[in-house]
Amino acid sequence: MSDSEQCPPFNSPRLVLKKVLAQSQQEGDGALVTRGIGSIELQSLDPFLLLDHFSVSPPAGFPDHPHRGFETVTYMLQGGITHQDFAGHRGTIRTGDVQWMTAGRGIIHSEMPAGEGTHKGIQLWINLPATHKMIEPNYQELASEDIASAEKDGVRVRVIAGEAMGVHSRVYTRTPTMFLDFTLEPGAELHQGIPETWNSFVYVIDGEGVFGFPSCSPIMRHHVLVLSLGDGLSVWNKSEQALRFVLIGGQPLNEPVARHGPFVMNTQSEIKKTIQDYHFRKNGFEMGKYWTSQY
């Protein structure tokens, strides 16, 4: 065992506080999602509202639906998703691409598979602070080749948001956030710093790994690991297969949360108003009066 395995190089190493096996369920129109955050077992982790590992094949998908009060991050692992909304924005993200959408005061959009076959990805919902919930919608889209990446000693990282291994993402996050996609080859280890006061979690995409301390038991794919507070996370791949996971962290908002389906506000009265706004197509939803997506 190496010195780093005996003692992770952090003043306060993050450990696994809670392990949740993501559960499969139907969403949208025939789509299958494996839900890690947003379930009964793990309803949220401030500022994160939902984490879905989705799989969709035509004709299934996510037809026209609204959002208000948060951001969605869609990261494609296989295939492609075509997005279109009531403001005329349309585009397709494919394997390795990212769309960071700020719903703000209101969006109605569709997300449908781009072609035949099976399309897979991760979608994360990030809450917005009360002061930003009614801002204008916005998009940041990154092609796979434009995502910062690094590789060293059997560890590869793609930096969707934040910083790792000396490289930075150019995505602007209103709620301070890190979103890192790591792959560890057999025998590799990782020591990644995390701001001490941020909440953070891991979602294991493939393989199995040891998280937090070298004597811990390996944890397999489709598990969400809620981490304790601390200044960094250590990970070891002691298996014979590659380990792939996302490490996600964010500054908690410490604000009340009121939810109703695709709407996330701070109070029930704001939710009631949002439902009325959507129903009557006003206060951010005006362009939905005469719009339906084409797919």
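Predicted model: local features only at pLDDT ≥ 70, side-chain atom pairs only at ≥ 80, totals over all residues.
Strands in a sheet are held together by backbone hydrogen bonds, in either a parallel or an antiparallel arrangement. Here, 4 strands form an open sheet in the order β5-β10-β7-β8, and their pairing is antiparallel. Because β5 (62-67) and β8 (90-94) each have a single partner strand, they stand at the edges, and one side of each is left without a neighbour in the sheet. On average, neighbouring strands of this sheet are turned by 25° against each other, direction ignored.

The largest pocket holds about 440 Å³ of space. Its lining comprises 19 residues, and those closest to the centre are E27, R35, D52, Q123 and W125. Two or more lining residues come from each of β3 (31-37), β4 (48-56), β5 and β11 (119-127). Edge strand β5 of the sheet is thus also among the elements that contribute to this pocket. By class, the lining has 7 nonpolar, 7 polar and 5 charged residues.

Of its 16 lining residues, E163, A164, M165, Q192 and G193 lie nearest the centre. At least two lining residues are supplied by each of β15 (163-164), β17 (177-184) and β18 (189-193), with β18 giving the most, 5 residues. This lining divides into 7 nonpolar, 5 polar and 4 charged residues.

How values were computed
Residues numbered from 1 in each chain as written. Heavy atoms only, no water. Pairing = 2+ DSSP bridges. Axes fitted to C-alpha atoms, helices over the stretch in contact; angles between N-to-C directions. 1 Å grid on protein atoms, 1.4 Å probe; cavity = no way out; pocket = protein on both sides within 12 Å on 5 of 7 lines; lining within 4 Å. Points joined across faces, edges and corners; volume = space filled by probe spheres on them. Nonpolar A, V, L, I, M, F, W, Y, C, P; charged D, E, K, R; others polar.
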